[in-house]
Amino acid sequence: MSITYLEAIREAQAKLLRDDERVFIYGQDVGGTFGGAFKATKGLAKEFPGRVLNTPISEDAIVGTAIGAALHGMRPIVEMQFADFSSLALNQILNNAGTHYWRTNVPVPITVRLPSGGTKGSGPFHSQSMESIYAHYPGLIVMTPATVEDAYTMLIEAVAIDDPVVYCEHKYLYYHLKADKLPAEGLPTGKARIVREGRDLTIVSYSAMLHEALAAAEQLASEGFEIEVVDLRSVKPLDTDTMLASVARTGRLLCVGESFPFGGVTAEVISRVTSEGFHLLDASPQRINAKDTPIPYHPNLWSAHRPSAKSIAAKARKLLRE
Amino acid sequence: MLQTAQRSSETIKTKAAPHERFLEAFRWMLLARTFEEKLVSLYRSGLITGGVYIGKGQEAVSVACGLFLQKGDIFAPLIRDQAGRSAFGEPLVDVARTYLGSRQGPMRGRDGNIHRGLPRQGQLAMISHLGAMVSVTVGALMAKRFKGEKNFIGLSCIGEGGMQTGSFHEGMNLAAVEQVPLVIVATNNHYAYSTPNEREFACAELVDRAKGYGFEGYNLDGTDLSACLDVIGSAVKRARAGRPPQLVVASTLRLSGHGEHDDASYVTDEIKREPFAQDCLKRAEKLIVDLNLVDAKRLQGWRDEAAAQVDLAITTAQKEAAPDTNEDWCAISTRALVDQAP
């Protein structure tokens, strides 16, 4: 048996609907016989009648409705058709869900799934990575699973958490990643994982960029460098301890993210490691992000816009020489 | 077909019997007015930080919003709904606590003034971004339906300003798609902060939009308490009976600034002479006197009682501790997942 990252997301939702009557799925085209723009809810409307519901194209109201339902005992899962469109729900996510527990002492257990990140030919409005924006605001948990296993267990965990969770699933990984089977349990959210051990340089990454980082580490291994690769798994909370422990071993840090370069997750990682582990560093920490332009349509431009194994390896080589 | 239930001032002149809950409603209005006058006075003395936003002139609409709701219903009041909040069951002391920042209030000093609620008791805590609470109300009603509850409705308040937001539009449309038992009470108080109606919308009648959304729509003279009780009470009944979502558009004039920092000098003398500029509280009181519903002594007794309730709420909250900085500073309830930012 082999299961893809996308199938893991579907399976997690099927399990949640089966095990917990408070769960329902709400979003554009998720229901009927269609099952979502990416088929992440394929067959679920039939299997769970009345609990996988199509909505109008109303991102703000979709999330507002989920908030109201969550306040009254439900565990809604919202599917944004693309992460990019969640900008239309920012008010509900940031100002309503994100402030609610702090203001009223009543948490809002919603899960918002964001099909994130770039694929070839998707252009400026169907390729964005929004995790840095959501992590910037208080009151939200931001998950960025990079493996089939995490996609499955973290989505189940997201729905169990009493607070709002923004679950960033990467579209590039939907079909590219496969696992033999789904795990019963995973690492808890907030715990990063050392995916590859090394002693010369730490690469911290998450989501699809983890796989570019691993490919870069493989290239560099053939050149004699031992690269340690850390998968953040969730960007909020951010596992500073694991990053610091890794940098304590390697003395060098490169952080890789697919979102835009100003501020954001990679900047936060470098800020924390620098301020708390300055003495551990043998060279200035570095980061690579997408370029500071909208995401291009043409595959040639797109490949050059986002970090790749090649550009990560090049940056790492430079850092290793310092 | 669009339905309307307008009640003009003609009705009053014929001395139609007031609504059965007229006096009860009047007393909530009186309490709200008395309380808000006290808030204004505290604000002017520098004893309230931030802003004070009152519902002067809108108490008749507001009280009717709160009065017909029952336990298990959802109420999403907005900025000018003190009367409705009280009628729905919000303790006055909690309002004082929120304005004065007491730790014992529902918002514990973390949020202030009108940004308060008791979500567990069905009173949603508004955010400032207008229109946002419509869909939240829809979701709460869907949850009740999922859970198999019966005989519940939701009532969400908005102004003509908030009606122009995208969020409001999305929420209205979704409410009709989901066919939830919802009443939207929109009060056209003729100004969105300082902006008059002609720069807010260009349609002839806001209530005409009801048909476009799949709502049933009603116009209302918001200065006439009997009409407010009739029209909003009937809308609540229809929603409870399973009719499509209901939109009531009430006409009033905001008899204050947007907040107490605002002298409202932009409100024209001409508009102050319009019928909708009448003070609903004075109008209700006049009716009580004209029809001799209660005698002057009893009326004064009600005023004294309202003043005493207000004093008790304020003095109680004033004695309570303000928040100190020894906060846990956690914006999520799952303590294990709080990010350890430096």
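A crossing of two helices is left-handed if the near helix is turned anticlockwise from the far one by less than a right angle, and right-handed if clockwise. The model is predicted: local features need pLDDT of at least 70, side-chain atom pairs count only at pLDDT 80 or more, and totals for chains, interfaces and linings use all residues. Residues are numbered from 1 along each chain as its sequence is written, while chains are lettered from A and ligands numbered from 1 in the order in which they are written.

**Exercise 1. Describe how α2(B) packs on α12(B).**

Step 1: Helices (H or I, at least four residues) and strands (E, at least two) are DSSP runs, numbered from the N terminus. Here α2(B) covers residues 22-44 and α12(B) covers residues 296-319.

Step 2: take the geometry. Axes are lines fitted to C-alpha atoms, for helices over the stretch in contact; angles run from 0 to 180 degrees between N-to-C directions. The angle is about 50 degrees, and the axes are 9 Å apart.

Step 3: classify. Angles under 35 degrees count as roughly parallel, over 145 as roughly antiparallel, 65 to 115 as roughly perpendicular and the rest as oblique. The two helices, α2(B) and α12(B), are therefore oblique to each other. The crossing of α2(B) past α12(B) is right-handed.

Step 4: list contacts (C-beta atoms, placed from the backbone, within 7 Å). From α2(B) come residues including Arg27(B), Leu30(B) and Phe35(B); among those they meet in α12(B) are Trp302(B), Ala306(B) and Ile314(B).

Step 5: sort by class. Ala, Val, Leu, Ile, Met, Phe, Trp, Tyr, Cys and Pro count as nonpolar, Asp, Glu, Lys and Arg as charged, and the others, Gly among them, as polar. The α2(B)–α12(B) contact has 8 nonpolar, 2 polar and 3 charged residues.

**Exercise 2. Trace the open sheet of chain B.**

Step 1: order the strands. Pairing requires at least two DSSP bridges between two strands. The 5 strands run β1-β2-β3-β7-β6, with parallel pairing.

Step 2: check one pair. Strands β1(B) and β2(B) (residues 154-159) run parallel and share 3 bridges. Phe75(B) has Leu155(B) in β2(B) as its bridge partner.

Step 3: α9(B) (residues 225-240) lies across β2, β3 (182-188), β6 and β7 (246-251) of chain B, at about 170 degrees to β7(B).

**Exercise 3. Characterise the side of chain B that touches chain A.**

Step 1: count. The contact involves 39 residues of chain B and 39 residues of chain A.

Step 2: assign elements. On the chain B side, α6 (132-146) and α7 (166-178) give two or more residues. The largest share, 11 residues, is from α6(B).

Step 3: classify. The chain B side holds 20 nonpolar, 12 polar and 7 charged residues.

Technical notes
Two residues are in contact if their C-beta atoms, placed from the backbone, lie within 7 Å.
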